[in-house]
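Here is a short report for a first look at this structure. Take a moment with the sequence and the model before reading on.

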Amino acid sequence: MPSVTILPSGKTVEALAGASLLETILGAGEKISHTCDGNVECGTCHVFVHEGRKALSKMQRSENAKLDSIVGVGSKSRLACQALLGGENVTVELLGFSSGR
Ligand code: FES
């Protein structure tokens, strides 16, 4: 069972493999924007993944295209609604600004 550490709070929660980062973050009681509820339309769930990127599901074309339209995207960027957990631990940073539309 992977654990997810959420920055900046530093809270660590156990998560289910196959769950999305968004579900896991919300389940941990952390606040994260998710305007389109996981439909890859808003980009507001943009996060940085600091550790465990390779353990997440591969980025699909729709996620990649949405990230391309967002300011402030970097190599650690994922959309939390699209990144599914594998079996390894992940450290994710919630962004303090709304980077999507
Ligand atoms: S919740 Fe809208 S793209 Fe993730």
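The report below goes from the overall build to the strand pairing.

## Overall build

This is a predicted model. The chain holds two helices and five strands. Along the sequence, they follow the order β-β-α-β-α-β-β.

## Size and packing

How does the radius of gyration of the chain fit that of a compact globule? The chain has 101 residues, so a compact globule would have a radius of gyration near 13 Å. The chain has 12 Å, which agrees. Taken along the principal axes, the C-alpha atoms fill a box of roughly 35 × 25 × 25 Å.

Buried residues account for 31% of the 101 residues. Contacts also reach across the sequence. Take those between residues at least 6 apart in sequence: 69% of them join residues at least 24 apart.

## Strand β3 and its partners

Strand β3 spans residues 46-51. One of its partners is strand β4, residues 77-79. β3 and β4 run antiparallel and are joined by three bridges. Where does histidine 46 find its bridge partner in β4? That partner is leucine 79.

β3 also pairs with strand β5, residues 90-94. This pairing is antiparallel too, and has four bridges. Here valine 49 has valine 92 of β5 as its bridge partner.

## In brief

The chain has two helices and five strands. Within it, β3 pairs with β4 through three bridges and with β5 through four.

Notes
Residues numbered from 1 in each chain as written. Predicted model: local features only at pLDDT ≥ 70, side-chain atom pairs only at ≥ 80, totals over all residues. Pairing = 2+ DSSP bridges. Rg over C-alpha atoms; globule rule 2.2 N^0.38 Å. Buried ≥ 20, exposed ≤ 12 C-beta atoms within 10 Å, placed from the backbone. Contact = placed C-beta atoms within 7 Å.
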